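Biologist: Please take a close look at one part of this protein for me: the charged side-chain pairs. Then set them beside the strands and the surface around them.

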Amino acid sequence: MSGNLQKGDHSKGRIYAISRPVTFISLSVLSFLTRYFKLDEPDHVCWDETHFGKMGSYYINRTFFFDVHPPLGKMLIGLAGSLSGYDGSFTFEAPGEKYENVNYMGMRILCATLGSLVIPLIYLTVLELSQSVAAASLASLFVLFDTGTLTLSQYILLDPILLFFIIAALFALVKFQSLSLKPFQVLWWFWMVMTGLFLACAFSVKWVGLFVILYAGAYTAWDIWRLLADLTLSKMILMKHFLARVLCLIIFPVLVYIAFFAVHFYTLNKSGPGDGFFSSGFQSKLIGNRLHNVSMPEKIAYGSVITLKNHRAAGGLLHSHPHLYPEGIGAQQQQVTAYAYKDENNLWLIKKYVEEDTPVGQHDHVNVEFVRNGDFVLLEHVMTQRNLHSHELSAPLTRNHHQVTCYGENGTGDVNDVWQVEVPGAPEGAIIKVVQTKLKLIHVLTGCALFSHSRTLPAWGWEQLEVTCNPYNRDQRTLWNVEDHLNPRLPNISFEVFRSSFLDSLIESHIVMAQGNSDLKPKEGEVTSQPWQWPINFRGQRFSGYNNTEVRIYLLGNPVIWWGNLLVLMLFPVALFIWLVRRERGLEEDVRLKNLNESAFTSCSWLFFGWCLHYLPFFMMGRVLYFHHYFPAYLFNCMLSGILINHSLVLLDCHLLPNREGALYSSGLVVISAITLQSYYIFHPLSYGMVGPLADEANSTLTGLKWLESWEI
């Protein structure tokens, strides 16, 4: 590091009259003041509080639910609510719902506290990288006075929790790297362990925490490469370095991550709205679930009432209801879907198909006859008494598949109702068993297989999962298993034997989360955004209020800071290229400036890499995206800007005013800080609440804030 040479260091005594601790404390106090101000407003559910507040309630009530994110953030929200006296009874039904007498502040305080800690952590990280109070202060101010990060920090969301752990991991990594000359000492071990802990926490809040893990991995690989170049180190010492990093940065974080899931499964031990996304064995562990401590017949017989669960991850239960397919969607017969939740419309009566001279669907009501591999069967929907049916008309969404319907009256239909049971790998005549048997239902006349996947039907299909008949019957999504089984003529066995182990539950949870993430699509009328829009602050996100009679909160970055950051981001590759060319050509004469350049551009290069890692992958994601996904990358941008602006001012001061050293530098810092503060003052209503006419209405006090037409202020 060359920080003892850099301007802005308090040891020079030229620029600052305050010490590093005073700057740190001042920024920390301002951070908490801005994040805690009006924290209780609006006193109703705002934006995604409807999800994460509700999930916090589930933890308090120990009710199982499904979410696409790992559990840590929601567990912390639930813990904060519980410790602050919230009893988990509020519904969080929809944005705008009044909290009334609900003690919601504990959960908001948690998020505001972690959001507030981001600023001092950024200060300490940049200070460690640059050894410059000025650079650290600038980076902190860019976050402190940004209306976007302020807004995200004031509500019951995962974002402030995620941002805290990302920056904490980065700070711990930088501290660990700063001790590279003191390996295997207590502090060296401490900061490496803390890096691993915070990496695990970031990934345990949202999977986008993977990006900071990749960043730490690249940083560590570069560090190991430097150690390999040190010929004074023995092979044994190199091995110790390598194993220490494997232990602290791989094995330890993995164990921490798994431990969070162990707490998650232990806490959520009651049946809830997320049961249907998981396998029958998983559900059997949940108190109150139909499959918990239940006894049911093991072998399936004709005359049994069953439910069929699609065997893929997050597969639904075969379902029907009296509603018909709309005109223009195949035959206007009864809809068949897959549904993640349990209700009576999931029940099917299994009947034996007997050939021509015997009435369709007739079976022996006296003698028990088991369903076997290779049998021809009919499935009658219990609630409507129509048979599962298919024909060669196209399915509603997957047009190269056949439509599946329910057809007939009182259990009588036609030959298109006949299906053959096929159990891959099982011998002909093998008995079908509850949960254990993975079967296919092959439509006899067309040869296609009953199929379901993650595509959801439009509103006419109640946004349930599409069920089709797939001509390619080797698709793994054509596998089903019997989940519920009712037959009073058969002996029961305990379902406990089918319970999933912890490892099975862990693996299944990740498959279901991955499936859920990939299936996230925008809802009708929902405001989403594209990655290219984020750095330019093209469009924000409504948090609360839609008209001039409501208090409106709008998630939008401070445009002065964001566009300034964007300018620095675009100029950095150019500046880096110029510096590299000058260095290679030996054009740097001043040793002091050479060291300053080396320190600044190395630090900025790593921060630029961090920005790329946290931003560019979103261009390859197929799921729905929102503006708030950019904020981890934004923090890296702020740190880069702080260091590069400070360094540029140092260089300008040296070259333009060599006889008045410090004058241009100090003036530049004052002007940038003043502009940042003024822009915060102008745009702070976005975060703390706007009232009165909308910006595009007459006599609105907000007209001056709408710099772009795309801003819905």
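Modeller: What follows goes through the salt bridges, then the strands, then a surface patch.

This is a predicted model. Salt bridges come to a count of 16. The rule asks for a side-chain nitrogen of Lys or Arg within 4 Å of a carboxyl oxygen of Asp or Glu. Side chains of opposite charge can pair when their charged atoms come close.

Start with Glu-49 and Arg-108. They form a salt bridge, and their closest N and O atoms are 2.9 Å apart. Glu-49 sits in helix α2, residues 49-61, and Arg-108 sits in helix α4, residues 105-130. The two are 59 residues apart in sequence, so the pair ties together separate parts of the chain. Is this pair buried or exposed? Both Glu-49 and Arg-108 are buried.

Next, Asp-223 and Arg-226. Their side chains meet in a salt bridge at 3.0 Å, N to O. Both belong to helix α9, residues 210-228. They are three residues apart there, so about one helical turn separates them. Asp-223 has 4% relative accessibility. Buried means under 20%, so Asp-223 counts as buried. Arg-226 is at 36% relative accessibility and counts as partly exposed.

Now Arg-290 and Glu-344. Their side chains meet in a salt bridge at 3.4 Å, N to O. The pair links distant parts of the chain, 54 residues apart. Arg-290 is in the loop between α11 (280-283) and β1 (295-297). Glu-344 is in the loop between β4 (334-339) and β5 (348-352). How accessible is each partner? Arg-290 has 37% relative accessibility and counts as partly exposed. Glu-344 has a relative accessible area of 41%, and it is partly exposed too.

The loop of Glu-344 lies between β4 and β5, so take β5 next. Strand β5 is mostly covered, with four of its five residues buried. Strand β2, residues 305-310, is joined to β5 by two bridges. These two strands run antiparallel. Val-305 has Leu-349 in β5 as its bridge partner. Strand β6, residues 376-381, is joined to β5 by five bridges, again antiparallel. Ile-350 has Leu-379 in β6 as its bridge partner.

An unreviewed UniProt entry places the feature "domain: MIR" at residues 297-353, 368-424 and 429-485. In the model, residues 297-353 are 0% helix and 46% strand. The end C-alpha atoms of that span lie 22 Å apart. Residues 368-424 are 0% helix and 44% strand. The end C-alpha atoms of this span lie 25 Å apart.

Last, the surface. Which residues make the nonpolar patch of about 740 Å²? Trp-532, Ile-536, Trp-563, Leu-616, Phe-619, Met-620 and Trp-707 make it. Phe-619 is placed in the loop between α14 (591-615) and α15 (631-656). At 45% relative accessibility, Phe-619 counts as partly exposed.

To recap the pairs: Glu-49 and Arg-108 are both buried. Asp-223 is buried, whereas Arg-226 is partly exposed. Arg-290 is partly exposed, and so is Glu-344.

Technical notes
Residues are numbered from 1 along each chain as its sequence is written. This is a predicted model: local features need pLDDT of at least 70, side-chain atom pairs count only at pLDDT 80 or more; totals for chains, interfaces and linings use all residues. Side-chain values use heavy atoms; hydrogens and water are left out. Buried means under 20% relative accessible area, exposed over 50%, partly exposed in between (1.4 Å probe, protein chains only). Patches are made of residues with over 30% relative accessible area and no salt bridge: like charges are joined within 9 Å, nonpolar side chains (Val, Leu, Ile, Met, Phe, Trp, Tyr) within 5 Å. Accessible areas come from the Shrake-Rupley method with a 1.4 Å probe; for residues, only the protein chains shown count as cover. Two strands pair if DSSP finds at least two bridges between them. UniProt positions are given in the numbering used here, feature names are shortened, and annotations may be inferred rather than shown by experiment.
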